[in-house]
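Work through the exercises below with the model open. Try each task before reading its solution.

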Amino acid sequence: MNILSAHQIDKQYGTVKVLDQLTVDVPLGSIYGLLGPNGAGKTTFIRIANRITAPDRGELFFMGHKMRYSDTAKIGYLPEERGLYRKMKTGEQALYLAGLKGLSKTDARKRTAEWFERFEITGWWNKKVEELSKGMQQKLQFIITVLHDPSLLILDEPFSGFDPVNAELMKKEIRRLRDKGTTVILSTHNMSSVEEMCDHISLIDNSRCILHGNVSQIRQAYKSGEYELGFEGDAKLLEEVLDAYQCSVDWDAEHPGKARICAPEKAANKLLSIIISCVSVTSFNEILPSMHDIFIRNVKKTPRL
Amino acid sequence: MNKILIILHREYLVRIRKKSFIVMTLLGPLLFAGIMLVPMLFAGMNDHEVKQIAVIDSSQFFIQKIPETEQFKFTYAMNVKLEDFKKNLARTEFFGILYIPPYIAYTPSGAEFFSYRQPPVSLTMHMANAIEKNIETEKLKAHQIENLDEILKSVRTHIDIRTFKLSEEGAEKENHNGLNMFVACASAFLVYFFVFMFGAQVMRGVIEEKTGRIVEIIISSVKPFQLMMGKVIGIALVGLTQFVVWITLTLALVAAGQMLFMSNLAEKALQQGTTAGPLPAQTMIDGGGEIFSMLASINFPVLIGSFLFFFIGGYLLYGSLFAAIGSAVDSETDSQQFMMPVSLPLIVAMMVMLNAMQNPDGSLAFWFSIIPFTSPIVMMARIPFGVPYWELILSAGLLIGTFIGVIRLSAKIYHTGILIYGKKPTWKELWKWMRYKNN
């Protein structure tokens, strides 16, 4: 079941094609990473998903049905360009924006109080936004995004502006919401957080989706036969043997018992049996490519317009 | 609809609670009442300063012939030399000396007035008139016409032209041009003021949301059109609130001030024991009665109805344009290039309005009161003089039609503009935005 399906979306601003036949399927209950360089069309896609702009062609489905305007009440959106009314009091602001999402006053009040407690910011209710620090404002912003208990959360660069402690708190909350059944779309440039959190990704470049799927499957598919070896024995002998089998070795100068082996043609078992024949192995790990590498490799590949 | 109400509610409350709003709302009536009361106060003071004037009449011709008024009393000094009197003027209670030369009829500029303080224009005019009339009479007398006095009496009539307006049904209606012009000017100016002041507030509000980066969060919950309308209507209510408070407080203050004054004046009059002439308070009441009869000549249901309509219609038309401008720019300083074409029709309307008051049925006034961008102001200037219903309906219909069209275009520009940061759009780009598909 996909909570959000975008089917062959086209969007053009003047003569500039921003989205070209973009298809994205976001599985229910997942954390979905939306990756891509600046200007690839992510923000436009997110705005279309939020019904802020309309696609020129293509269709959107929400929980299996054709998306209606009323579905936006079930979406929580944290835009990249975000801010709050500076002169408005914190609590009032949360109530106002929750009201616009259709939450009743009593519900909004109750839930705001709950979230303020969870984030330990209860004392802020009557403070004006301009009195808060940037990190505090980001917290408030996150609360406002999730206040109406959306089934789909769309977060555009949610960790920017947070110190590591608060970024960790955000990650914890995002995972907690996912475990409660909320689907999360995460648009970010922070590749380590993608590896850490996302189940699925789409990589958008030049208005098209150039790569999509399950994160671990993608990393498996992009592996190039690199292994990290810990051993005891004759390093020279090992190098000679691996050389004979057309495998290259990188030595770690600081740690004499470590080596990085690149064996694109060999299966892991075969490689290991060769190594065991000359040294005793203490550790053997396959190195999966990082999302960072996969990102760069794919984005470079697509020709620039 | 419900969401427009939530937005409207916030826009209204935020502005009503502002210190600047509260100060302006309370200070405004003080200022207005002051403007209305201070001249009355001074007028009241002047009324009671009686000026004694000594007349040295070398021609011996005008003795006891210059009529006295409440303010000006004339004493005729005999056998006194002008030079001596001038030296001693400060020691007497006279305000000034009027010197009339022996052959004034042949030396028309020979009369002189000496005083320490600047004489009021009304005094010099009064004296000149009196001398003129007397000479005129004497010259006529020299022609030896029989029954001259009666003839003169019948010739000298003071003429007041009362103007009546005929309607097609044959009814006559008395016109009061002065009052009409006042009402016309005041209502047209109010519309102009309201459109500019609160239109600019709409624009500032939109820019604030845009630069505060809050707008994208809001339009992920509501349609941009709802946000725009909530803001425009919310600010309209702020404006109406301010006006209602202004008008009530001003009227209350003026009434209070007047009561204070009038009792003062009446008391003074009593103390002085003036027997001649009616009490000043009495005159005022009489004047009031006249004003009431004049007010009765204006068709108030039509005036108030159309004032509200053009007041709100004009504001909504321009308010949505101001919202579109606000959405297209990043800061108020960038808004200049788009403000110009929007303010131009308003300024033209003000200029035509001044003309329309003089000639409310002229073709200039007619056309500009039909054209929607100027009609709210120009039509208001015509209404106190009476406008045929078909013209009113045509003008109102066109205004509504234009309003719907303009608000659609504005909404399109607004929708695209609020999401575009960091560049100053050109007219060409605005035109492109109007054609984007948004929803």
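Predicted model: local features only at pLDDT ≥ 70, side-chain atom pairs only at ≥ 80, totals over all residues.

Residues are numbered from 1 along each chain as its sequence is written, while chains are lettered from A and ligands numbered from 1 in the order in which they are written.

**Exercise 1.** Find which residues of α4(B) are buried.

Solution. Buried means 20 or more other C-beta atoms within 10 Å of the residue's own, exposed 12 or fewer, partly exposed in between; C-beta atoms are placed from the backbone. Leu123(B), His126(B), Met127(B) and Ile131(B) are buried. Seen down the helix axis, the buried residues of α4(B) fall within an arc of 120 degrees (taken from the directions from axis to C-beta atoms), so they line one face. The face turned away carries exposed residues, among them Val121(B), Met125(B) and Lys139(B).

**Exercise 2.** Classify the packing of α2(A) and α3(A).

Solution. Take the angle: about 130 degrees, with the axes 9 Å apart. Under 35 degrees is roughly parallel, over 145 roughly antiparallel, 65 to 115 roughly perpendicular, and the rest oblique. The two helices, α2(A) and α3(A), are therefore oblique to each other.

**Exercise 3.** State how exposed Val281(A) is.

Solution. Locate Val281(A) in strand β14 (residues 280-287) of chain A. Val281(A) has 13 other C-beta atoms within 10 Å, so it is partly exposed.

Notes:
Helix = DSSP H or I, 4+ residues; strand = E, 2+ residues; numbered from the N terminus. Axes fitted to C-alpha atoms, helices over the stretch in contact; angles between N-to-C directions.
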